Amino acid sequence: MLVVFLRTIMLYVVIIFAVRLMGKRQLGELAPSELVVTILISNIVTLPIEDTATPMLLGVIPILTLVCLEVIASAITMKSRKLRRIASGSPKIIISNGKINQKQLKELRFTVDDVLEALRSQGVFDIEKVQYAIIETTGAVSAYLKPQEQPLTMASLEEKDENSNPPQVVIDDGDVIYKSLEFLSLSEEWLCRVLESEDKRACDIFLMTANADKSYYIVDKEKGI
Amino acid sequence: MKRVWICGLIIASILITSSAWLVVLCNKNERLSQLIDDAVESVRSGDSDSATRAIDDLCKYWESFYATASVFERSTPLDNVSDSVAKLKSLYENGSEEFYSECETIRCAADRIFKSNLPFVPDSTSQ
């Protein structure tokens with residue numbers, strides 16, 4: 001019994017270390033690969049705790065290997081948007097201008113009840129009030145209300161365009177996202193002109209968001225990171 | 001980035017330790033096999049002093065083998081070998097023919113423990 005007790009304490013320390021190694025990313029909402037790793041770890045750790053014939057190392061090695069692979073894989077996917085999409089998928093628009101995209105819902109195997117429930121949890125009870133609802137890669141639903149339904153702020157008082165779309169990410173870590181430009185009905189030439197006027201190259205930009213009214217926001221890449 | 005380096009180091013140390021363990025296990029197996037051969041030869045020669053000494057050496061070596069192997073190996077197959085090793089002395093003292101078969105059992109079991117650590121199926125013709 002004492003052996004089991006001591007093994008449990010040791011594995012508890014290993015698990016705490018493993019979760020800390022995975023970082024804060026792991027403690028928030030889980031991406032698919034992180035969910036898999038978490039489930040696997042919780043399964044693996046029970047074996048050496050319960051079965052004293054199994055050496056502790058046979059439990060510790062797979063846990064550390066999984067955690068290390070997860071950290072290394074997330075570092076690699078951070079460098080490539082394509083790999084990130086393969087590993088985590090991409091957000092999907094399920095409501096556009098108050099209309100549900102039924103085809104998308106079927107593909108995602110989401111029921112209307114799921115969507116309504118997620119919207120209600122955000123204080124939205126009428127689909128017609130939603131300009132865009134997006135299912136994020138974590139499975140969470142984000143809703144963007146139509147301008148007339150959004151809470152009043154000083155900034156919104158001065159806004160003239162009533163049908164503004166949410167700002168889109170146009171450059172993500174140096175990669176131009178052409179779909180966003182298309183979504184905003186902006187051309188590649190416009191982006192080139194903006195970059196030229198700002199005296200920047202796309203690869204020097206960490207984040208650039210833009211609106212349909214051609215306003216934009218740029219965050220430069222910090223050097224040495 | 002610090003985390004990635006730590007993870008890289010952990011993966012590298014796991015690979016190095018497991019490869020080193022294979023080498024250690026292989027050497028220990030060879031030594032055990034040699035001690036079994038010595039014990040069998042001594043018993044066959046009829047020299048009771050050297051036979052007793054060879055069996056004692058084998059038993060002592062198995063104890064150290066067990067202590068090292070239990071860090072990485074499941075205890076069930078190791079315990080099976082320990083049972084066989086424990087029988088050797090009394091089998092020899094009773095002049096039982098089973099002594100030889102127990103020696104072969106120990107050799108096979110130790111070999112199986114080593115082969116279960118190989119990341120590939122060993123060639124059966126090389127056995």
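Predicted model: local features only at pLDDT ≥ 70, side-chain atom pairs only at ≥ 80, totals over all residues.
**View 1. The hairpin of strands β3 and β4 in chain A**. Strand β3(A), which covers residues 130-135, pairs in the antiparallel sense with strand β4(A), residues 141-145, and the pairing runs over five bridges. Within this pairing, A133(A) stands opposite A143(A) of β4(A). Five residues lie between the two strands of the hairpin, and in this turn G139(A) has a positive phi of about 95°.

**View 2. The surroundings of V130 in chain A**. V130(A) is found in strand β3(A), and it counts as buried because 24 C-beta neighbours lie inside 10 Å, where 20 or more are needed. When its neighbours within four places in sequence are left aside, V130(A) is in contact with I95(A), G98(A), L119(A), V124(A), A143(A) and L145(A). Although V130(A) and Y144(A) are 14 residues apart in sequence, their C-alpha atoms are 5.9 Å apart in space.

**View 3. The packing of helices α3 and α4 in chain B**. Helix α3(B), residues 75-93, and helix α4(B), residues 98-115, pack at an angle of about 160°, and their axes are 9 Å apart. Since angles over 145 degrees count as roughly antiparallel, α3(B) and α4(B) are therefore roughly antiparallel to each other. Their crossing is left-handed. The residues that make the contact include P77(B), V81(B), V85(B), L88(B) and Y92(B) from α3(B), and F99(B), E102(B), I106(B), A109(B) and I113(B) from α4(B). Sorted by class, the contact of α3(B) with α4(B) has 11 nonpolar, three polar and three charged residues.

Methods. Residues numbered from 1 in each chain as written. Chains lettered and ligands numbered in written order. Pairing = 2+ DSSP bridges. Helix = DSSP H or I, 4+ residues; strand = E, 2+ residues; numbered from the N terminus. Axes fitted to C-alpha atoms, helices over the stretch in contact; angles between N-to-C directions. Parallel < 35°, antiparallel > 145°, perpendicular 65-115°, else oblique. Left-handed = near helix turned anticlockwise from the far one by under 90°. Contact = placed C-beta atoms within 7 Å. Nonpolar A, V, L, I, M, F, W, Y, C, P; charged D, E, K, R; others polar. Buried ≥ 20, exposed ≤ 12 C-beta atoms within 10 Å, placed from the backbone.
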